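Subject: Structure handover

Hello,

Here is the structure I promised to pass on. Please open it first, then read my notes below.

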Amino acid sequence: MTVDKNVKEEQIVYAKWLDWGMKIGLILLILTFIIYMTGILSPQIPISELPKYWKMKAHEYLLSAGLHPGWAWLKLIIKSDFLNFVPIAILGGITILCYIRILPIFLKKKDIVYFIFSIIECFILILAASGILHIGGH
């Protein structure tokens, strides 16, 4: 693969990390789906009961199923229907890892503006993922 000389080092590194993160996330999604469908781990909600939840709004579903919003799913990752949240979280968080990975490149280049921008971007993404900010109707 030839790389255009105009492509910056941080762009290549970011793209490589994003590519690997996407591939790992996709493989884990497939594996966790297989675990769910084969019954290797039991689900929190049996597949036969799913149709009764399909017409519910998210809040009604959580109440009816006895579940909690936010990061409470971490307590349930031993259940096959919640194990698939792990690769979804990886796919959602890979951008943060990519930004963190390119921080040293910006420092090496003495590109302080992009360094600060990347730190702020990481902070915003982590804050949004943390659930500390409650924006919207959820």
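This is a predicted model: local features need pLDDT of at least 70, side-chain atom pairs count only at pLDDT 80 or more; totals for chains, interfaces and linings use all residues.

Helix α1, residues 9-38, gives the most to a nonpolar patch, with six residues. The patch sits on the surface and is formed by Met22, Leu26, Ile27, Ile30, Leu31, Ile34 and Leu91. Together these residues have about 590 Å² of accessible area. If you want one to start from, pick isoleucine 27, which is found in helix α1.

Next, look at how the helices pack. Two packed helices are described by the angle between their axes and the distance between the axes.

Start with α1 and helix α5, residues 85-108. Their axes come within 9 Å and cross at roughly 160°. Angles over 145 degrees count as roughly antiparallel, so α1 is roughly antiparallel to α5. The crossing of these two helices is right-handed. What residues make up the contact of α1 with α5, by class? It has 19 nonpolar, four polar and four charged residues.

Now the salt bridges. The count comes to three. One of them joins glutamate 9 and lysine 108, with the closest N and O atoms 3.2 Å apart. Glutamate 9 lies in helix α1 and lysine 108 in helix α5, so this pair ties together parts that are 99 residues apart in sequence.

Last, take α5 with helix α6, residues 112-130. The axes of α5 and α6 come within 9 Å, and they cross at roughly 160°. These two helices are therefore roughly antiparallel to each other. Is the crossing left-handed or right-handed? α5 passes α6 in a left-handed crossing, whereas the crossing of α1 and α5 is right-handed.

Best wishes

Definitions and conventions. Residues are numbered from 1 along each chain as its sequence is written. Side-chain values use heavy atoms; hydrogens and water are left out. Patches are made of residues with over 30% relative accessible area and no salt bridge: like charges are joined within 9 Å, nonpolar side chains (Val, Leu, Ile, Met, Phe, Trp, Tyr) within 5 Å. Accessible areas come from the Shrake-Rupley method with a 1.4 Å probe; for residues, only the protein chains shown count as cover. A salt bridge is a side-chain nitrogen of Lys or Arg within 4 Å of a carboxyl oxygen of Asp or Glu. Helices (H or I, at least four residues) and strands (E, at least two) are DSSP runs, numbered from the N terminus. Axes are lines fitted to C-alpha atoms, for helices over the stretch in contact, and angles run from 0 to 180 degrees between N-to-C directions. Angles under 35 degrees count as roughly parallel, over 145 as roughly antiparallel, 65 to 115 as roughly perpendicular and the rest as oblique. A crossing is left-handed if the near helix is turned anticlockwise from the far one by less than a right angle, and right-handed if clockwise. Ala, Val, Leu, Ile, Met, Phe, Trp, Tyr, Cys and Pro count as nonpolar, Asp, Glu, Lys and Arg as charged, and the others, Gly among them, as polar.
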